[in-house]
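The exercises below are to be worked with the sequence and the three-dimensional model at hand. Each task is followed by a solution in steps.

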Amino acid sequence: MSFKSTFLEKIALTSDFPMGLEIEKARGTYIFTKDGKKYIDFISGIAVSTLGHCHPQVIQAIQEQITRHLHVMVYGEYIMDAQVEFAQNILNQLPAKFERIYFVNSGTEANEGALKLAKKFTGRTKLFAFRNSYHGDTHGSLSVTGRNVYRDPYLPLLPNVHFFDFNGDDILNSIDETVAAVIMEPIQGEGGIIPSNSDWLNKLRNVCNENGTLLIFDEIQSGFGRTGKFFAFEHYGVEPDILCMAKAMGGGMPIGGFAASSEIFSVFRNDPPLNHVTTFGGHPVSCAAGNAALNVLLSENLMANASAIEEMTKNILKADGVVEVRGFGAMLGLELRDKDMTEKVVGYCFEHGLILGWTLHSNTLVRLAPPLSIPKTTLKSALNLIKTAIQLYK
Ligand code: PMP
C-alpha cells in the first residue's frame, strides 16, 4: 500500500521537494523501497547509522529492554540499568575530566542543556559562536547558529550572542571575563565540512582557560567514531569543557547527551532543584540500543575503517571537475563547481541507486557520510559512480 499522497497531505512538510522514498526496510548499507529498489545509503541518515542500519546486536538489545520496561519516570529519579551502563561505557571512552553525562533526546536538546549549564556555572550570559555553524532548530540552538536565513524569521532570539569567523583571530582577541561560553563544532558539518585549524583551536582553548570561559564542543555530527576517533576533538588534542553528542549515539534510536565534570554539573542539582529536567531524556530503550551500538563500534574496531574510507574517497574522487574533497574519516565533503553541477551529480547518483545529500549551508558541497561498516567493494562502486557523474557534468 502506498502512503505517498497521505504523506504529502498530512505530514507537516519541511521542504517543497521531499525526497519521498517509500521505505520498506533498511539493513546494513542499504535502504530498500516499496517499489522494489535498493539504494546505498551514503549519508547514513545524516551521520546516524554509523554501524549500518539495524545492526543485529542493537536490535537484540532493544528487544531485551522492551521485555523489561519502557519509560518509568522523568529524568534522574529512578535507577535504570540501561541508562547507568550506557553512561559508564561512554565516560570510560572519554578523558577523565568528563565525569558525568546528562542524557536528552536529540542533538539540539544537548546544546540547549549545555548553554544553560554554562550560563549557570559561570554566572555570565554572553555567548560566542561562529558564522556558518549549525547547532539545531530549537530557539537556544538557533540563537547560536550562524546563518541569517535560518535565524531571521524567528528574531528576536537569545540576546548577547556574538558571531565570529571560524578559524579566525578575532575571537581570540575578544574573549574576556564576561563570556560564559564559546560553542563550536570542531569540524563544521552543515557549514560544508570545514575542519578547524589545529593551532587556532589550541589558542582558543588557552584563551578560554585564561578567562574562565567554558568551551562547548558540539560533536553531534562528528562524534561516535565518524571521523575515525571516538570524538573529533581527539584529532586536535584539545578537550572541551562540555561535550555535546547525539545522532549516531543511539545506534538508530533517538538520544543525545552532554558530558562535563561533576563540578560543572553541580549547578544543575539545586537553586532550585529540578531546574533542568526532561521526561523522556535517556529513554531506557535508546540507552540499551546506544550501549549495544557503542560495544559494536569498539569490538568490531569500526573506527579503524574511517581512514581507509577517507583515503579511497580522496583517491578516487581526485578527478577533473572536483574542487576539493575534505574532512576526516567518514565525515567528508565533495566540493563541486556550482549548484547546477552539484544537483546533477546528486540526481544522477540517486537515479543509479546511491543516496547523497547536501549540507544545510552550502549548495556546492556533496555530503559523503557512509557507514563505517560499508564493505570495500560497495564503497568502491559508489565512489566510481560519483566519479562517472562528475565526468558527465563537469
Ligand atoms: N549540531 C550539529 C553539529 C548537527 O549536525 C545537528 C543535526 N544536523 C544538530 C546539532 C541538531 O541535532 P538534532 O537534529 O538531533 O536536533
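**Exercise 1. The surroundings of the ligand**

Determine how many residues surround the ligand in this predicted model, and which are the closest.

Solution. Step 1: collect every residue with a heavy atom within 4 Å of the ligand; 13 residues surround the ligand. Step 2: identify the closest of these, namely Gly 107, Thr 108, Asp 218, Gln 221 and Lys 247.

**Exercise 2. Polar atoms facing the ligand**

Examine Tyr 134, Gln 221 and Lys 247 for N or O atoms within 3.5 Å of a ligand N or O atom, and state how much of the ligand area the protein buries.

Solution. Step 1: begin with the side chain of Gln 221, in which an N or O atom is 2.7 Å from an oxygen atom of the ligand. Step 2: turn to Lys 247, where a polar side-chain atom lies 3.2 Å from a ligand nitrogen. Step 3: for Tyr 134, consider the backbone, of which an N or O atom lies 3.5 Å from a nitrogen atom of the ligand. Step 4: take the ligand alone, which exposes 390 Å²; the protein buries 82% of that area.

**Exercise 3. Backbone features in loops**

Solution. Step 1: Pro 156 is placed in the loop between helix 7 (148–151) and strand 6 (161–164); a cis peptide bond joins Leu 155 to Pro 156, with omega about 0°. Step 2: Pro 272 belongs to the loop between helix 11 (262–265) and helix 12, and its cis peptide bond with Asp 271 has an omega of about -5°. Step 3: Phe 224 occurs in the loop between strand 10 (214–218) and helix 10 (233–236). Phi of Phe 224 is near 55°, a positive value in a residue other than glycine.

Notes: Residues are numbered from 1 along each chain as its sequence is written. This is a predicted model: local features need pLDDT of at least 70, side-chain atom pairs count only at pLDDT 80 or more; totals for chains, interfaces and linings use all residues. Side-chain values use heavy atoms; hydrogens and water are left out. A polar contact is a pair of N or O atoms within 3.5 Å; within protein, one must be able to donate a hydrogen and the other to accept it, and residues adjacent in sequence count only if both atoms are side-chain atoms. Accessible areas come from the Shrake-Rupley method with a 1.4 Å probe; for residues, only the protein chains shown count as cover. Helices (H or I, at least four residues) and strands (E, at least two) are DSSP runs, numbered from the N terminus.
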